[in-house]
Structure formats: C-alpha cells, structure tokens
Amino acid sequence: MPETSLNVVLLRYTPEPEEVVAMAAKLCYSASGVEDLKQKIETKDQEAFVGKLASIGHLSPIEHVSFTFGIEGISRACSHQLVRHRVASYSQQSQRYVREEQFDYIIPPSIKRDPALVQVFEKYMAEAQEKYTRVLKRLEQLGYQGEAGQQDARYLLPNAAETKIVVTMNARELLHFFRVRCCNRAQWEIREMAERMLGHVKKAAPTIFAKSGPGCLYVPCPEGKMTCGKSEEVRKKYGVKK
Ligand SMILES: Cc1cc2nc3c(=O)[nH]c(=O)nc-3n(C[C@H](O)[C@H](O)[C@H](O)COP(=O)(O)OP(=O)(O)OC[C@H]3O[C@@H](n4cnc5c(N)ncnc54)[C@H](O)[C@@H]3O)c2cc1C
C-alpha cells in the first residue's frame with residue numbers, strides 16, 4: 001500500500017475576482033446603475049478600493065467570488081476537520097461507492113521520525129486492508145453486493161486512509177479559514193493544505209488575499225492562553241514587517 005502525498009489544485013475561480021468585488025462594493029456607495037458601474041470598474045484600477053474593504057469591515061462584497069480546489073493526498077482525519085467549515089461546498093470521494101482494493105494512507109511526520117513507529121503503523125494499515133477485504137468478500141457472499149457491502153466494510157478503514165475532495169469557498173470564508181487553519185494551533189496536515197490553498201488564491205486575487213494568513217499577522221495572537229507564542233516567527237514566515 002503506497003503512502004501518498006498532498007496535492008492541492010485551484011480548479012476554477014470567479015473570473016476577474018477583484019473587479020467583481022469592486023463592482024459589488026461600489027454599488028453600495030454609488031448612485032449609478034449597473035451598466036454605468038460596470039464601465040467605471042473596468043476602466044479604473046480598483047486595487048486600493050478592494051484593499052480597503054477588509055480594513056473597514058465591509059466584507060459582504062468579498063462573498064461574490066468563489067474558488068474551487070481539487071485536493072488529494074489528505075487523510076480522512078484532515079478532511080473531517082475541513083468539512084467542519086460550513087460556509088463551503090464539498091464533494092468527497094465516497095468509501096461507499098468506491099471499492100478500497102488497496103487504500104492509500106497518510107503517515108504523520110511525527111511517526112515518520114521513528115522507523116520502529118513506521119513499522120507499527122504500516123503493519124496496522126496492512127491489517128486494516130486485509131480485514132476490510134475479508135469482511136467485504138463475506139458481505140458479498142451474504143448478498144450485499146457493490147455499495148451495500150462497501151458501505152459497511154468501510155467501518156474498518158482508518159482515519160489515515162487517503163481521500164480526495166473538491167471544495168468551493170467564497171473569499172470571505174477563505175479569509176476566515178486561513179485565519180484559523182494557517183495558525184500554528186491547527187493540525188499540521190490541514191495547516192499544510194491551507195497554506196497551499198492560500199498560495200494559489202494569492203496569485204489569483206492578490207489584493208483580496210494580500211493580508212491573509214493566520215490570525216496573528218497584524219494583531220496580537222487571538223488565541224489568548226492557547227497561543228503558540230511564536231507570532232514573531234510566523235510574521236517573518238509571511239513576510240510581515242512590524
Ligand atoms: C485549533 C482548532 C482546534 C479545534 N478543536 C476542536 C475540538 O476540539 N472539537 C470540535 O468539535 N471542534 C474543534 N475545532 C473546530 C471548530 O470548532 C470549528 O468547528 C471549525 O473550525 C469551523 O469553523 P467555524 O465554526 O468558525 O466556521 P465556519 O463553519 O467556517 O463558518 C464561518 C463563520 O460563519 C459563522 N457561522 C457559521 N455557522 C454558524 C452558525 N450555525 N451560527 C452562527 N454563526 C455561524 C461563524 O461566525 C463562523 O466563524 C477546532 C478548530 C481549530 C482551528
């Protein structure tokens with residue numbers, strides 16, 4: 001059973017995202033009609049205007065643009081954390097419809113550091129695969145064909161099992177998501193995934209996401225007593241100057 005690695009692809013996003021946000025925001029403050037507004041936005045540089053929205057807390061215009069990611073090489077433990085974010089849409093590879101002939105899995109870096117632990121881990125994965133296959137075959141003998149057997153045999157699959165998911169979030173939810181999931185307090189796997197997502201959207205919509213990242217980049221760490229105490233280090237990593 002191969003170990004697998006993270007792959008995050010930005011599949012699609014709202015075309016001209018910063019123009020769309022600027023149009024939505026300008027409409028709030030302008031007496032112009034939609035056609036007029038469209039002309040003005042297309043011909044003017046909106047960078048400063050869009051950049052200001054977040055700082056004045058006018059966030060609803062940012063909801064008009066969405067980003068769709070294809071993500072693979074994450075564990076079910078990670079995807080479970082991801083789908084707790086409710087202001088998003090998800091489509092996940094199903095263990096009910098997909099037969100796990102040979103499931104891939106994620107080995108946490110802490111376990112990889114110790115060859116003896118890796119052995120324990122891999123042995124357990126092999127056992128899980130063997131038990132899954134055995135139970136599935138027996139269920140089929142009992143008349144539970146296809147998804148009827150798979151949906152119950154999957155109870156034997158571990159949290160480490162690899163999954164693939166398509167996720168769509170609007171920019172406002174992404175700003176929130178990056179604040180909590182790029183944070184050092186988030187688990188390493190979802191943090192790595194969030195950092196990759198952030199890298200993609202920063203290229204697609206540099207102004208909207210210019211100041212995006214963990215919650216401590218521009219203000220004191222919001223985690224209070226739970227802080228990792230490494231805000232300075234984090235700011236340096238994100239290239240934020242004091
Ligand atoms: C470090 C860390 C540790 C965690 N530990 C645990 C844990 O031990 N146990 C656990 O169960 N979860 C845990 N979580 C998950 C966490 O509680 C949230 O479920 C998850 O981060 C989703 O974020 P969210 O609820 O802010 O917002 P999203 O679902 O992303 O929604 C965005 C925002 O919309 C608003 N919103 C959405 N839905 C509602 C609603 N129904 N009512 C009012 N406002 C709403 C809120 O302002 C919310 O912040 C942890 C998360 C992190 C980052």
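This is a predicted model: local features need pLDDT of at least 70, side-chain atom pairs count only at pLDDT 80 or more; totals for chains, interfaces and linings use all residues.
1. The largest pocket has a volume of about 530 Å³. Its lining is made up of 20 residues, and those closest to the centre of this pocket are A54, R179, K211, S212 and Y218.

2. Turning to secondary structure, the elements that contribute two or more residues to the lining of the largest pocket are α3 (47-55) and α8 (171-181). It is α3 that provides the largest share of this lining, with four residues.

3. Sorted by class, the residues lining the largest pocket comprise 11 nonpolar, six polar and three charged residues. Readers inspecting the model may wish to set this composition beside that of the second largest pocket, given in point 6.

4. For the second largest pocket, the volume comes to about 180 Å³. A total of 13 residues line this second pocket, and the ones that lie nearest its centre are T4, L6, I106, W188 and E192.

5. The lining of the second largest pocket, when divided by class, holds five nonpolar, three polar and five charged residues. In the largest pocket, by comparison, the corresponding counts are 11 nonpolar, six polar and three charged.

Note on methods: Residues are numbered from 1 along each chain as its sequence is written. Side-chain values use heavy atoms; hydrogens and water are left out. On a 1 Å grid over the protein atoms alone, a cavity is a set of points where a 1.4 Å probe fits but cannot get out, and a pocket is an open set with protein on both sides within 12 Å along at least five of seven lines; lining residues have an atom within 4 Å of a point. Grid points are joined across faces, edges and corners, and a volume is the space filled by probe spheres set on the points. Ala, Val, Leu, Ile, Met, Phe, Trp, Tyr, Cys and Pro count as nonpolar, Asp, Glu, Lys and Arg as charged, and the others, Gly among them, as polar.
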